[in-house]
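Here is a short report on one protein model.

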Amino acid sequence: MRKGEACAVDKKFYLVREDVLPEAMKKVLAAKELIERKKVDSVADAVQLVDVSRSVFYKYRDAVFPFHTMVREQIITLFFHLEDRSGTLSKLLSVVAAANCNVLTIHQTIPLQGRANVTLSVSTSEMAITIDELLSQLKQLPFVEKVEILGSGA
C-alpha cells in the first residue's frame, strides 16, 4: 500500500438521503439497476441509457449502493494479498471462523515472489462482529499486506 492510500479498513459508510446525492451517483445507481435486472446487455448500454460516462460509472459503482441492497446482503467477497508463510491461510480462516462467518469459497493463487492472493466469499448472516471490525482484525495479522472488499451480494 502506498503512503496516503486508504485501505478498506479505514473506510466508513454513511446513510444519505437520495435528494442530497450528486446527480452522477444517482445515474450510477440507475445504471447498476439496469445491469442487475438484465435490462441491458452491457455497461456501455446502461451508461448510455442513463446519460453518464463510463469513467463516472466505474468511479462510483463500488462506492454507492441502494439501502435495501446493503440491508439484505449477507455475502461478501474479500481479497487478500498475503506473505507466503506456512500456516497463513489457516490463521486467516481462524479469524474468519471466530467472527462466525461461514466460508463459501476459497481461491488462492500460486505464490510468486513470496506473495499470494486469496479471495474468500463468506456468509455474514451469523457474524458476531461488524464487517469493519472483521476487516480490522484481518488487517492486523502480520502476514496480511492488503485486505479489500471486492463485492457483496445476497
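## Basis and overall make-up

Contact means heavy atoms within 4.5 Å. Among contacts in the protein between residues at least 6 apart in sequence, 67% join residues at least 24 apart. This is a predicted model, in which local features need pLDDT of at least 70, side-chain atom pairs count only at pLDDT 80 or more, and totals for chains, interfaces and linings use all residues. Residues are numbered from 1 along each chain as its sequence is written, and side-chain values use heavy atoms, with hydrogens and water left out.

The protein has six helices and four strands. Helices (H or I, at least four residues) and strands (E, at least two) are DSSP runs, numbered from the N terminus. From the N terminus on, the order is α-α-α-α-β-α-β-β-α-β. The protein has 154 residues, and 28% of them count as buried. Buried means under 20% relative accessible area, exposed means over 50%, and partly exposed lies in between (1.4 Å probe, protein chains only).

## Confidence

pLDDT is the predictor's confidence in each residue, from 0 to 100. The protein averages 86, and 87% of the residues score at least 70. Which helix has the lowest confidence, and which element the highest? Confidence is lowest in helix 4 (residues 67–72), at a mean of 56, and highest in helix 2, at 95.

Residues 1–9 stay under 50 in pLDDT. For this stretch the model has 12 contacts beyond four places in sequence.

## Helix 1 against helix 2

Two packed helices are described by the angle between their axes and the distance between the axes. Axes are lines fitted to C-alpha atoms, for helices over the stretch in contact, and angles run from 0 to 180 degrees between N-to-C directions. Helix 1 (residues 23–36) packs on helix 2 (residues 43–50) at an angle of about 135°. Their axes are 9 Å apart. Helix 1 is therefore oblique to helix 2. Angles under 35 degrees count as roughly parallel, over 145 as roughly antiparallel, 65 to 115 as roughly perpendicular and the rest as oblique.

The crossing of helix 1 and helix 2 is right-handed. A crossing is right-handed if the near helix is turned clockwise from the far one by less than a right angle, and left-handed if anticlockwise. Helix 1 contributes Lys27, Ala30, Ala31, Leu34 and Ile35 to the contact, and helix 2 contributes Val43, Ala46, Leu49 and Val50. By class, this contact has eight nonpolar, no polar and one charged residues. Ala, Val, Leu, Ile, Met, Phe, Trp, Tyr, Cys and Pro count as nonpolar, Asp, Glu, Lys and Arg as charged, and the others, Gly among them, as polar.

## Helix 5 against helix 6

The axes of helix 5 and helix 6 come within 10 Å and cross at roughly 155°. Helix 5 is therefore roughly antiparallel to helix 6. This crossing, too, is right-handed. Leu92, Val95 and Val96 in helix 5 meet Leu134, Gln137 and Leu138 in helix 6. The contact residues divide into five nonpolar, one polar and no charged.

## Residues in the helices

Lys26 is in helix 1. Its relative accessibility is 24%, so Lys26 counts as partly exposed. Leaving aside neighbours within four places in sequence, Lys26 is in contact with Glu18, Asp19 and Leu21. Lys26 and Phe65 are 39 residues apart in sequence, and 9.9 Å apart from C-alpha to C-alpha.

Is Thr88 buried or exposed? Thr88 is buried, with a relative accessible area of 8%. Thr88 lies in helix 5 (residues 88–98). Not counting residues up to four places away in sequence, Thr88 touches Leu82, Glu83 and Phe143.

Glu133 belongs to helix 6 (residues 131–139). Glu133 is partly exposed, at 41% relative accessibility.

## Positive phi in two loops

Most residues other than glycine have a negative phi. Asp51 has a positive phi, near 60°. Asp51 sits in the loop between helix 2 and helix 3 (54–60). Asp51 is exposed, with a relative accessible area of 58%.

Asn100 also has a positive phi, near 65°. The loop between helix 5 and strand 2 (102–108) holds Asn100. At 44% relative accessibility, Asn100 is partly exposed.
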